Structure formats: C-alpha cells, structure tokens
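Here are my notes on the model you sent over. Have the sequence open next to the 3D view while you go through them.

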Amino acid sequence: MTKFFTACISAGLLMTSCGKQESSSVPDFNAPPASAPEKVQETVPVDPSARIAEGKSLIEGTDCLTCHKTDDKLIGPSYREIAGRYDNNPQNHELLAGKIIDGGSGVWGSVPMSAHPGMSRDNAKKMVEYILSLRVN
C-alpha cells in the first residue's frame, strides 16, 4: 500500500509540474498578436493654393494650351469664360474633370474637346480648380 501511495503522489507531482506553463523570454511567434492600439488616420489639410498652382502647372505641361488660353477664346473657350459659367464647387470639379478625361462637345459650340483618358481624376480636378479660381466676380 505504501508503494501505491508513493506512486500516486509521484504521478500527481509529475502532472502538476508538467502542466505548468513556464514564462520564457523567448517570444512565441505562433501565438496570436497582442491587440495593438488602433491606428488613427491623420488627415493632412490640403492647401488650396498649392492644388491651384499644381493645376496650372499640369495645364502648362499638357496639350490644353493648343485650344485654350487664359483670357482669349482660341479653338475652345478661354479659362475665364469657363470660370464665369461654372461655380467653384466640388460638384463642378467632378463634372469638368470628367469632361477633361472623357472629352465632350456641344456645350461651347460644335468643335469637340479631345479626351484625355490617361489623365488621373485627381490631376484633372486640380486643373479644374485652377481654371475655376480665375472667376472674376
């Protein structure tokens, strides 16, 4: 009976010592990651004058000046005529950016405006922001 009692105590101690989880300084790469604090997306304020200057620069680097001038009608309307017809608001930025990218006709006469499908919408909107900034009230 003493052997039985000793065997039971030994088995209990063995289970207890093997069941404990030892802390280790070695990281467990298979463990799920600890919850990290949520990243807060910072919104960087956009300087409108910088976008307008970039829009002017984009216009100067494309074929726009073949048909449009700032103050005078050429093949298409002048930029000031466009600015006089459209209010400077986000809806018109979208509308006119679409016309730059897709082309158009009939709004300013029978001569169609060529499409610029390779232009990004953001760059087209910067160009529109420049054009509409020329509005004289």
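**Notes on the helices, the core and a few residues**

1. Let's start with Leu 58, which sits in helix H2. At 22% relative accessibility, Leu 58 counts as partly exposed, because buried means under 20% relative accessible area, exposed means over 50%, and partly exposed is what lies in between (1.4 Å probe, protein chains only). Setting aside neighbours within four places in sequence, Leu 58 is in contact with Asn 123, Lys 126 and Met 127, where contact means heavy atoms within 4.5 Å. Leu 58 and Tyr 130 are 72 residues apart along the chain, and their C-alpha atoms are separated by 9.7 Å.

2. Before going further, a word on what you're looking at. This is a predicted model, in which local features need pLDDT of at least 70 and side-chain atom pairs count only at pLDDT 80 or more, while totals for chains, interfaces and linings use all residues. Residues are numbered from 1 along each chain as its sequence is written, and side-chain values use heavy atoms, with hydrogens and water left out.

3. Now the overall layout. The chain has 5 helices and 0 strands, and from the N terminus on its elements run α-α-α-α-α. Helices (H or I, at least four residues) and strands (E, at least two) are DSSP runs, numbered from the N terminus. Of the chain's 137 residues, 23% count as buried. Among contacts with a separation of 6 or more, 54% are between residues 24 or more positions apart.

4. How do H2 and H5 cross? The axes of helix H2 (residues 48-60) and helix H5 (residues 121-132) come within 7 Å and cross at roughly 105°. That makes H2 and H5 roughly perpendicular to each other. For the cut-offs: angles under 35 degrees count as roughly parallel, over 145 as roughly antiparallel, 65 to 115 as roughly perpendicular, and the rest as oblique. The axes themselves are lines fitted to C-alpha atoms, for helices over the stretch in contact, and angles run from 0 to 180 degrees between N-to-C directions.

5. Which residues meet there? On the H2 side they include Arg 51, Glu 54, Leu 58 and Ile 59, and on the H5 side they include Asp 122, Lys 126, Glu 129 and Tyr 130. By class, the contact of H2 with H5 has 6 nonpolar, 2 polar and 7 charged residues. Here Ala, Val, Leu, Ile, Met, Phe, Trp, Tyr, Cys and Pro count as nonpolar, Asp, Glu, Lys and Arg as charged, and the others, Gly among them, as polar.

6. Zoom in on Arg 51, also in helix H2. Is Arg 51 buried or exposed? With a relative accessible area of 16%, Arg 51 is buried. Its side chain makes a polar contact with the side chain of Glu 129 (2.9 Å). A polar contact is a pair of N or O atoms within 3.5 Å; within protein, one must be able to donate a hydrogen and the other to accept it, and residues adjacent in sequence count only if both atoms are side-chain atoms. Not counting residues up to four places away in sequence, Arg 51 touches Val 46, Asp 122, Lys 125, Lys 126 and Glu 129.

7. Ser 49 is in helix H2 too. At 46% relative accessibility, Ser 49 counts as partly exposed. The side chain of Ser 49 makes a polar contact with the side chain of Asp 47 (2.9 Å).

8. On to the core. Of the 18 residues in the largest nonpolar core, Ile 59, Tyr 79, Ile 82 and Leu 132 touch the most other members. A nonpolar core is a set of buried Ala, Val, Leu, Ile, Met, Phe, Trp, Tyr and Cys residues joined through side-chain atoms within 4.5 Å. Helix H3 (79-85), helix H4 (90-102) and H5 are the elements that give two or more residues to this core, and H5 supplies the largest share, 6 residues.

9. Last, look at His 68, in the loop between H2 and H3. At 11% relative accessibility, His 68 counts as buried. The side chain of His 68 reaches the backbone oxygen of Pro 77 at 2.7 Å. Leaving aside neighbours within four places in sequence, the contacts of His 68 include Tyr 79 and Ile 82, both of which turned up in the core above.
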